[in-house]
Every structure is written in structure tokens, then in C-alpha cells.
Amino acid sequence: MTNGDTQQRQTLWAVLLKKWPRQSFGRWSVYIPGIVVLLIPVFMDKASPEALRLSSAFGILALLLPAWMARHVASKDKHESLLKTRDDVLDTSLKLDPPKTPSLDWLAPRYSQSIVYARQNVDRRLDAWLKSSEPIMIIDGGPLVGKKRMALEWADSLGPEWERGWLKDHKGSEAVERIAGYGKDTVVVVDGASSHFADLVLDVDRHKTPPQIRVLMTVRDVQGLRIADRYAAAVIKDVKPLHLKPTGDTGDRERWFEELCRHYADRMGVPVPSHPPGFIRELGVVPIGVLHAAAFAAARAGTVPLRSREVEEIMYELWQEELESWRDMPGVPSSGREGVGDAQLERLGHAVVALSLLKPANPEIAVKVLERIPTLSGTDAGTQRDIIAWATRMFRPPGDTAGGPSVPEFSPGIIAVAAFLHTAGNDSNFGHKLLSFLTDVEAFAVLRRLVEAAPLLPSAGAWAGVVIGSNFTRLTNAVEITLATSPANGALDRELARCASGCDLDEERTLLLLELIPPGLLPTMKVALAELRVKQLRDRVQENAGKYEQDLARALCTLSTRLGGVGGRSAEALDATQEGVAMFRRLATENPGLYEPDLAVALNNLAVDLGKFGGRDADAVGAVQESVTLYRRLAANYPVQHEPDLARALNTLAERLGDTGGHSNDALRAAQESVIIYRRLAAENPTQYESDLALALNNLATRLGNAGGRGAEAVNAAQEAVTIYRRLTADNPALHEPALASALDTLSVQLGEAEGRGAKAVDVAQESVDIYRLLAAQNPALYEPKLARALNNLAVSLGDTGGRGAQALNAAQESVTIYRRLAAANPALHEPDLAAGLNNLAIRLAAAGAHRAQALKATKESISIHRRLAADNPAPYEPALAAALHNLAIDLGEAGGHGAQAVEAAQESVTIYRRLSSGNPALYQPRLALALNALAANLDRAGMQTEASVAWRELVHVYEGLARQDPQYKAALARVQHSR
């Protein structure tokens with residue numbers, strides 16, 4: 001064999017045995033070993049040992065390779081099939097690359113350029129959940145608060161051991177089986193508003209075998225979700241949700257807005273827009289998504305401030321910029337020679353808004369939608385279909401590149417809603433024509449979009465009312481959507497109430513709606529339904545008084561409770577309660593065994609209602625004492641049924657006695673007994689009675705604080721109430737967050753009294769203000785008075801903390817501003833609060849140094865109100881009058897030139913505190929000491945040394961007595977003794 005033959009053989013060997021294995025095998029590669037066996041004799045001596053070895057080796061390979069390849073190909077085919085099956089339900093592209101040109105798509109959570117703030121706490125909770133055995137986690141929060149953004153960022157950051165993806169629409173019923181079939185541990189991110197989520201959570205809960213499947217849901221309101229879907233509620237009832245809400249103070253939001261402006265400007269390649277410092281402060285507490293939208297709009301327009309600080313107008317400005325971008329965009333339907341002029345741009349905008357809002361099922365229905373639009377009603381069907389086709393190409397959901405919906409889905413949807421609201425606000429004909437003759441499917445779609453947007457776009461509620469009209473089915477749908485997405489929204493609540501009053505509901509439908517709404521939610525709607533129920537039962541009583549009088553009396557008591565829960569309708573609540581009490585008193589006279597329990601309930605409600613009116617405290621105490629007497633007798637015979645009622649009445653008694661002044665010990669005893677009963681009941685049934693225990697503890701903390709010398713116990717009671725409410729709020733914020741805010745407010749006061757209002761008191765007070773601020777934004781009638789009170793207490797806490805005088809002054813000024821507005825509308829209810837707020841404001845102004853004249857003015861106004869109130873009802877208002885006179889004496893004395901007035905104010909303050917101290921020395925002796933100190937100082941300044949010495953000796957005597965009772969007063973005694 002020649003050298004050339006040898007070289008040829010070596011080349012073949014190298015190709016076959018060295019290079020070929022590095023190449024990709026195709027299915028035809030199973031034939032290669034057989035071909036090699038046939039070719040060996042051509043290139044080698046077939047009798048040589050080397051050829052024999054190669055022939056044997058490749059012969060064996062030719063026999064085995066087909067079987068191996070068959071298994072390999074089948075396994076690969078199966079894997080690809082399972083992957084395709086899984087991908088039919090799961091979109092694994094959680095985050096997408098944003099368009100290169102500025103687009104509203106940049107605001108969508110799924111685009112990777114988004115910035116996420118305040119992630120640390122969320123990531124920690126989600127990491128802990130993933131390590132647990134719980135299959136489901138829920139993130140809930142209002143619109144644009146960042147739920148999806150947080151969920152996607154966290155899921156995208158998971159390691160390679162976890163598959164993750166976004167559940168595709170309408171795929172919940174198939175998801176678990178297909179994902180489990182793929183065989184890899186998976187996190188499924190799902191929007192709770194999407195369809196078939198209930199099937200998904202039910203299947204995940206039943207899935208107990210590998211692989212692990214975890215569901216991370218984002219919803220508006222977890223409690224609403226439990227109400228809206230009772231099938232899923234059984235699975236998610238024990239899920240501890242992660243609640244998101246607008247976060248950060250004004251400084252945080254200003255910093256975030258600057259960063260976002262810089263971010264979007266850099267992405268667009270434009271200069272960073274500047275903005276005045278007050279812009280974010282005027283915008284208020286808004287979700288992070290609004291800051292994203294405002295920053296994007298500012299960068300795109302090149303200027304801040306925007307035309308308005310209203311969220312609705314910011315969203316509409318984004319819409320206007322989007323419209324302008326269509327003028328020069330290829331493929332936009334034009335209107336002949338004029339191209340995309342103003343008129344055509346308006347028509348296109350109206351079309352996209354209408355299609356996004358009504359979401360028609362197919363192009364044929366979409367054409368009918370466009371026919372309702374005044375600017376498009378005269379165009380031919382072909383033009384309308386061209387617009388629909390263009391809009392569908394333009395506006396697909398994120399990640400949808402082919403197929404997808406047959407009609408457009410504008411994103412973010414809230415911008416399309418804002419565009420509708422602005423257009424309909426300027427041209428009601430547009431709104432009414434678009435929303436006329438809706439099918440039930442269209443009506444449901446529109447209601448969902450409007451209700452979901454209402455927390456940020458208030459006028460959406462009124463247009464939801466237009467859709468509802470007098471249609472009971474739509475009203476029920478709207479209630480269910482509201483409960484699931486926006487249960488705390490006051491504007492929606494009021495609109496639903498208006499619709500209910502106009503729907504001419506019969507008894508069956510009224511009771512159905514009352515049953516649908518859980519405790520604590522939609523209070524105005526409940527008032528409307530309660531009023532309807534009273535009206536219906538009045539008609540029944542006309543037919544058969546004996547049969548329906550008890551029902552009517554109960555309905556009146558229920559109505560009074562509902563009216564008391566909405567704010568501003570206390571007089572109507574009192575009228576309803578008084579009528580109910582009168583009816584039950586008459587019925588109980590005839591049959592005490594049957595009607596005394598109802599009478600006791602009504603009397604307790606009467607005491608609550610009377611307590612809201614100045615000058616009726618004695619009547620309120622009398623009513624609740626009668627209620628307690630009845631319940632004691634009932635509870636002695638039937639403790640299981642009536643002990644909870646007795647505890648509630650005792651709690652009311654404690655509040656009313658506390659309001660009267662001079663009965664602090666009796667109020668304390670009633671509060672303690674209420675807590676004892678509720679603690680025993682809560683130990684046996686925490687689900688039912690823990691919230692009642694927390695309420696009683698909160699009241700007990702106030703009574704202990706007013707008793708004097710029991711500050712530590714007051715703090716402990718308030719802290720226990722806060723602890724319980726935190727736990728309850730974690731599960732159901734819509735129901736328990738208002739009570740948490742109240743308990744935090746009480747705790748801040750008690751911390752200040754017991755511990756000198758340090759940093760802890762400020763933190764607690766600030767948290768209370770933050771919660772009330774969000775609640776007042778949704779329902780001002782109910783929560784503005786409570787916000788004002790919390791701001792007043794925050795001002796006190798800040799004022800007692802060094803170096804925070806300016807913040808204290810701001811809080812006090814805001815509190816007084818709110819109270820002035822409230823007192824102008826209802827002086828009987830809010831003037832006492834205004835007077836207290838003015839007194840605190842005067843202290844803050846005086847502490848600022850440069851506002852002494854304003855401080856004197858505020859103090860004098862406070863005294864004027866308190867003096868008038870104390871003249872009619874001295875017991876509750878004399879303590880506040882004495883405090884205001886004490887502050888006036890200090891301000892006049894320090895101002896100079898007002899010696900006689902300062903002495904007169906100090907002397908009157910001392911006189912009142914002496915009288916109060918005789919009845920409650922523990923509470924008022926410390927205040928008398930402060931008043932005597934101010935009197936002695938002012939007498940000394942006025943040159944009245946003899947009188948000053950008398951006041952000083954009395955001051956020493958008071959402090960000696962206090963020091964004997966409590967060592968903390970020894971330091972004050974020493975200071976006084978060395979001051980002269």
C-alpha cells in the first residue's frame with residue numbers, strides 16, 4: 001500500500017473518529033456506522049487486524065445506535081411536547097425589552113426598564129414564603145401601587161432551580177396539570193382579576209406531589225377577593241397577604257420623582273426637566289405608579305409642573321401626548337388629503353377609548369361600538385373597520401406578538417379611562433351615547449374598568465352610576481366589583497347608594513344586597529339600604545302592626561348604627577334610635593321577656609348617638625346605665641347569649657362617663673369590667689371577639705390615662721390593642737385599618753403622658769396620621785375629623801421632641817385648618833375639637849418664637865370657644881378651659897406689657913384646677929402645680945411679691961404631696977424649692 005493510500009486512510013480516520021463526533025447528530029446519523037463498515041474495505045486491507053477491529057466496532061455500533069436514537073428522539077420529542085403544553089398556559093417572558101422610541105409601554109410593569117422602590121421588605125416576605133410549604137401568596141393593594149412590578153421583579157430574580165412565568169388569560173383551569181407535567185419547580189405569577197384564577201388556586205392547593213408549584217397572586221383587595229369568589233375563598237382564607245400601599249414621606253416622593261424624571265429623560269435622550277419643590281407636596285400621597293406617569297409625562301413634554309396636580313389630568317396629559325405621536329406614525333388611518341389632522345386624530349382617540357373601555361368580543365361588535373361615537377357615526381363601515389384593524393395592531397397586550405385579541409387593549413388601561421372621563425366631562429353627549437344600550441357583557445366590562453379606576457380618578461364613580469342606572473343586575477355587579485377592588489372608596493360608596501335609592505328595590509333584593517356587603521365596608525350604601533328597609537317595614541306595619549313592629553324597631557336601630565358610621569348624619573341617627581327605643585319600650589312593657597334584649601340594644605345605641613352632641617352627656621349616661629342594668633339581669637340568666645352584649649354596653653358606659661368629666665373612677669371600673677369579659681370570650685373564640693377586646697383595651701388605655709398616676713398601665717393597654725389590631729389588619733385591612741389608626745393615636749397620647757412624648761410617641765403618632773390620611777382621601781366625611789385629631793396629637797408629640805418645632809407647627813396648622821372647615825359645617829359637633837386644636841396651635845406658635853402675636857390670637861379664640869362651651873356644660877369643658885387660660889397666662893407674661901391680664905388668666909386657671917383637683921387629685925394635682933407655677937411667675941413680674949410668695953408656698957405644698965405619691969416629682973419639688 002502506497003504512502004498516498006496511507007495518507008488517505010489517515011484522513012478518513014480523522015474525519016470519522018475525531019471530527020465527526022463534534023458535529024450535531026441528525027436523525028439520519030443512525031446509518032453512519034453501517035456506511036463506515038461498507039467503506040472500510042475500500043480504504044483498508046479488509047484482512048488486516050486494524051480493519052477487522054474497526055469493522056467489529058462499527059458493526060456493533062450499527063446494531064445499537066438505532067435503539068439508542070429511538071429512545072433519545074422519543075425523549076426529546078416528549079420534552080418538547082411537554083414544554084409546548086406548558087407554554088400554552090404560561091408566558092415565561094416575565095420582563096420584556098421596551099420599545100426604543102418613547103411609548104406608554106414604558107410604564108407597563110413587564111418592561112425591564114422600570115424602577116422599583118421599597119423592595120426590601122417585599123423580597124424578604126416572598127423569599128420566606130418560597131422556603132415555606134405554603135403554595136399561595138397574595139400581594140394586594142390599590143391601583144398603580146406597584147403590585148405587579150414587585151411580583152415580576154422578584155420572580156425574575158429567582159435562581160435557575162425555579163421556572164417562572166405569567167399565567168396566560170383564561171388558562172387557570174388547565175395550568176396546574178400542564179405545569180406539573182413539565183416536571184420542574186415553578187412560580188406562577190397571576191393577576192387575581194383574570195378569569196379562571198379560582199380553578200388555579202383550587203388545583204394548586206390539591207397538588208401535593210413534585211414538582212413544586214407556587215402561585216403568586218396580585219389583587220386589589222384580598223378580603224374583597226374572598227367575598228367575590230367563595231370557591232377560592234376556602235383556599236385563600238388562611239393566606240397572610242402582603243399589603244402594599246403608597247409609601248414614603250414627602251421627601252421620599254420628591255427624591256423618587258427626581259430619579260424617575262432623570263431616568264425617563266436619559267432613556268429619551270432629552271434634558272432632565274426641572275420642577276418646583278412644591279409639586280410633589282401638592283400632588284399629595286399617591287401610588288408609585290402615578291410618580292412614574294408624572295415623570296414620564298414631564299420628560300416627554302420637557303417641563304414640570306404639568307398642567308395640573310390632579311391624577312386624572314396627569315393621565316389625560318399622557319393621553320394627549322400619545323395622540324400627538326400618531327400624527328407622523330406610519331400606517332395610521334388618515335382622512336384623505338389632509339392626512340392625520342386634528343379632526344381625524346380626535347376620531348382615532350375616541351375610537352381607541354371606546355374600544356378599550358367596552359372591550360367588544362369581535363370586530364363586528366366593535367363596529368357597532370364605533371357607531372355610537374358622535375364623531376364616527378357618519379363614517380362608513382369600511383373606514384371603521386380600518387380604524388379597528390389599525391388599533392388592534394397598535395395596542396396589543398405586553399408580550400403578545402401574534403394572534404392575541406381581535407380588538408385593541410390599550411395599556412396602561414387607566415390612561416384610557418382618564419381619556420374617557422376627560423372627553424365625557426367636556427362633552428356629556430359623548431359619554432351618554434357611548435354608554436347607552438349596553439349589553440350585559442359590555443356593561444360588566446365598563447363597570448369593572450370604571451370601578452377599578454375610581455380610587456385614583458374620582459369622576460369614574462359618577463359614570464359607573466350612569467352605566468348602572470336603575471338596573472338591579474348591574475347594581476349587584478357594581479357592588480361585587482367594588483368589594484373585590486375598591487371597598488374603601490368613599491366616592492364609589494356614595495354613587496352606589498344613590499343608585500340603590502333609585503332602583504326601586506323590593507324587599508328580597510334589598511335583603512340580598514345587605515347580605516352581600518360584609519361588616520365595615522360600603523357604609524353609605526348600607527345607609528341607603530337600611531333606609532329602604534325602614535321604608536318597606538313602615539309599609540308593612542300599616543298592614544299588620546303586631547307582626548312587623550319588632551322588625552321595624554330593629555331596622556330603625558340598624559339604621560341609626562349605619563348613619564353613625566358615615567359621618568355628618570348624627571342628628572338623623574339620633575332620631576332613628578329614639579324612635580326605635582320608644583317602640584321597644586312600649587313592646588317591653590307588654591312582654592319584657594321577649595323585648596327587653598332589643599330594648600337594651602337600642603338604649604346602648606342611643607347612648608352612642610347622644611354622646612356625639614354637646615350638652616347631652618347626662619342623657620347618654622342615663623341611657624347606657626339602663627342598658628347595662630338590663631344586660632346584667634339578662635347575662636345572669638343567659639350568660640352565653642348576653643355577656644358579649646354586657647361587655648359592649650360597659651365599654652359604652654366607660655366612654656360616656658369619661659365624656660362627662662368628674663367620673664373618671666367610675667369610667668375606669670366600667671372599662672376594666674368590659675376588658676375582663678372580652679378577654680375571657682376572646683380566649684374561647686378569638687375570631688369573633690379579638691376585635692372587641694382590642695376596642696375595649698383602647699378605651700381602657702384612655703380611662704387609665706385620665707385616672708392619673710397610671711400611665712404605665714395605660715401604655716400597656718394601648719400597646720396590647722395595637723398588637724391585636726396589627727394582626728387583624730394584616731388579614732383584613734379594609735375592615736380593621738381604621739381601628740388600628742385609632743389605637744395608634746391613643747398609644748401616642750399615652751406614651752407622651754407616661755414617657756415624655758419621646759421618639760417612640762412621634763413614630764406611633766406619625767403612623768396613625770399616615771393611615772388616616774389615606775382613609776380620608778377615600779372617605780373625607782368619615783375620616784377627616786379623625787385625621788385632624790391625629791394631626792393634633794402628632795403636633796404635641798413633635799413639640800415635646802427637641803428640634804422638631806417646625807414640623808409640630810405644620811401638623812398643628814393642618815389640624816386647625818381641617819377643624820375650621822368641619823366646625824363651620826357642624827359647630828355643635830366640631831367646635832370643641834377646634835378649640836383644642838387652637839390651644840395646641842398657640843403652644844406651637846409660641847415655641848417658634850417669631851409668632852407670639854399669632855399665638856396670643858389663637859389662644860384667645862380657643863378660650864372664647866371653651867368659655868362658651870363650659871357655660872352650658874362645665875364638666876367636660878372646664879379642664880380644657882383651664883389649660884387654655886394657663887397657656888394664655890404664659891404667653892402674656894412672656895410677651896411683656898400684659899402683666900394684669902397674665903395674672904388674671906393664671907388666677908382663673910388655678911381656681912378651676914383647684915376645684916377639679918378636689919374631685920380627682922391624681923389627674924389634676926400635677927396640672928394645678930403647673931398653673932400655680934405660672935401664677936407665681938406672673939405675680940412676681942407684676943411686682944406682687946406677697947401674692948407670689950403665697951402662690952409659691954401652695955406650689956411647694958402640692959409638689960410635696962405629689963412626691964410622696966410618686967418619686968418622679970421629687971426633681972420638680974427640688975427645682976421649685978431652689979427657685980426662691
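Predicted model: local features only at pLDDT ≥ 70, side-chain atom pairs only at ≥ 80, totals over all residues.
Residues are numbered from 1 along each chain as its sequence is written, and side-chain values use heavy atoms, with hydrogens and water left out.

Okay, rings. Searching the whole structure turns up 13 aromatic pairs; Phe, Tyr and Trp rings (six-membered ring for Trp) pair if their centres lie within 6.5 Å, and planes under 30 degrees apart are stacked, over 60 edge-to-face, the rest tilted.

Take Y264 and F296: centres 5.6 Å apart, planes at 90°, so that one is edge-to-face. Y264 is in helix α10 (residues 250-268) and F296 in helix α12 (residues 288-301), so the pair ties together parts 32 residues apart in sequence. Helices here are DSSP runs of H or I, at least four residues, numbered from the N terminus. Y264 is buried at 0% relative accessibility, and F296 is also buried at 0%; buried means under 20% relative accessible area, with a 1.4 Å probe and protein chains only.

Next, Y913 and Y924: centres 6.4 Å apart and planes at 35°, so this pair is tilted. Y913 sits in helix α40 (residues 899-919) and Y924 in helix α41 (residues 921-941), so they tie together parts 11 residues apart in sequence. Both Y913 and Y924 are buried.

There's also one aromatic cluster made of W319, W326, W390, F395 and F410.

Last up, charges over rings, meaning NZ of Lys or CZ of Arg within 6 Å of the ring centre and within 35 degrees of the ring normal. R214 lies over the face of W129 at 5.8 Å from the ring centre, and R267 has its charged end over the ring of W106, 5.3 Å from the centre.

Technical notes. Helix = DSSP H or I, 4+ residues; strand = E, 2+ residues; numbered from the N terminus. Buried < 20%, exposed > 50% of the residue type's maximum accessible area, 1.4 Å probe, protein only.
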